[in-house]
Amino acid sequence: MVDVGAKPASERFARARATLRMSPETEDALRAATLAKGDAMTVAQIAGVMAAKQTANLIPLAHPLPLSHVEVTFAWPERGLLQIDAVARTTAQTGVEMEAMTAAAVASLAMYDMLKSIEKGIAIENLRLVEKRGGKSGVWRAPEPAA
C-alpha cells in the first residue's frame with residue numbers, strides 16, 4: 001500500500017459509470033418489474049453500496065476508508081442501454097475512486113444476475129471513472145465520449 005499517513009485528510013468525491021446493453025424486450029421486463037428474482041433496481045443499488053464498503057477487502061492494495069456516502073442511480077440514455085452511476089464520498093487521506101468503480105461494477109453484475117434468465121447476452125460495457133474531486137490533484141472529469 002502507498003503510505004498516505006503524512007497526507008492531510010480532505011473531502012473526496014468520485015463518480016463511476018458502467019452501462020448494460022440489452023434487448024428492448026429485456027428492458028421492458030426490467031422497467032415493468034416482472035422479473036422472477038424480484039426488484040432488480042433495488043437489488044443492484046444495495047449490491048453496489050455493499051461492494052463500495054468492501055473495496056479494501058476486494059482490491060489488494062486499496063486503503064480501507066470511512067465512507068460518508070455511497071449512491072447508485074440508473075438512467076436510460078437510449079433504448080436498450082442502462083447507465084449505472086455510482087457516487088462515493090469520504091473525508092480521508094486518499095480518494096474514493098476505487099470505491100465508486102467497485103460499486104458500479106458490482107451493481108452491474110447484480111443487474112446481470114437478475115436479468116440473465118431473460119437474456120444471457122447482456123453486455124456490461126464501459127466501466128470507468130467519470131469524475132473525481134479532492135486531494136492534491138483537485139478536480140478531474142473524463143472527456144466526453146465521441147459521438
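Reader: Hi! Which residues does Lys-132 touch, leaving out those up to four places away in sequence?
Author: Hi! In this predicted model, Lys-132 touches Phe-13, Ala-14, Glu-97, Ser-137, Gly-138, Val-139 and Trp-140, once residues up to four places away in sequence are left out.

Reader: And where does Lys-132 lie?
Author: Lys-132 is part of strand S4.

Reader: What polar contact does the Lys-132 side chain have, then?
Author: There is one with the side chain of Ser-137, at 2.8 Å.

Reader: Let's switch to Arg-12. Where is Arg-12 placed?
Author: You'll find Arg-12 in strand S1, which covers residues 10–21.

Reader: How far away is the nearest side chain of opposite charge for Arg-12?
Author: That side chain is Glu-97 again, 6.1 Å away. Arg-12 is buried and has no salt bridge.

Reader: Which backbone oxygen does the Arg-12 side chain reach?
Author: The backbone oxygen of Ala-92, at 3.5 Å.

Reader: What else is Arg-12 in contact with, apart from neighbours within four places in sequence?
Author: Its contacts include Lys-7, Ala-88, Arg-89 and Thr-90. Among them are also Gln-93, Thr-94, Gly-95 and Val-96, as well as Arg-133, Gly-134 and Gly-135.

Reader: You mentioned Arg-133. Which ring does Arg-133 lie over?
Author: Arg-133 sits over the face of Phe-13, at 3.9 Å from the ring centre.

Reader: Nice. How many aromatic pairs are there?
Author: The count of aromatic pairs is 0.

Reader: OK, salt bridges. How many turn up in the whole structure?
Author: The search finds 11 salt bridges.

Reader: What's Asp-28 bridged to?
Author: Asp-28 pairs with Arg-79, and the closest N and O atoms are 3.0 Å apart. Asp-28 belongs to helix H1 (residues 24–32), while Arg-79 is in the loop between strand S2 (67–78) and strand S3 (81–92), so this bridge ties together parts 51 residues apart in sequence.

Reader: How exposed are Asp-28 and Arg-79?
Author: Asp-28 is partly exposed, with a relative accessible area of 39%. Arg-79 is partly exposed as well, with 48%.

Reader: One more! What does Glu-131 pair with?
Author: Glu-131 has a salt bridge with Arg-141, where the closest N and O atoms are 3.4 Å apart. Because Glu-131 lies in strand S4 and Arg-141 in strand S5 (residues 140–141), the bridge ties together parts that are 10 residues apart in sequence.

Reader: Are they buried or exposed?
Author: Glu-131 is buried, at 9% relative accessible area, whereas Arg-141 counts as exposed, at 54%.

Reader: Which residues join Glu-131 and Arg-141 in one network?
Author: Arg-15 and Arg-133 do, through salt bridges that share partners.

Key. Residues are numbered from 1 along each chain as its sequence is written. This is a predicted model: local features need pLDDT of at least 70, side-chain atom pairs count only at pLDDT 80 or more; totals for chains, interfaces and linings use all residues. Side-chain values use heavy atoms; hydrogens and water are left out. Helices (H or I, at least four residues) and strands (E, at least two) are DSSP runs, numbered from the N terminus. Buried means under 20% relative accessible area, exposed over 50%, partly exposed in between (1.4 Å probe, protein chains only). Lys and Arg count as positive and Asp and Glu as negative; His and the chain ends are not counted. A salt bridge is a side-chain nitrogen of Lys or Arg within 4 Å of a carboxyl oxygen of Asp or Glu. A polar contact is a pair of N or O atoms within 3.5 Å; within protein, one must be able to donate a hydrogen and the other to accept it, and residues adjacent in sequence count only if both atoms are side-chain atoms. Contact means heavy atoms within 4.5 Å. Rings of Phe, Tyr and Trp (its six-membered ring) pair if their centres lie within 6.5 Å; planes under 30 degrees apart count as stacked, over 60 as edge-to-face and the rest as tilted. A charge sits over a ring if NZ of Lys or CZ of Arg is within 6 Å of the ring centre and within 35 degrees of the ring normal.
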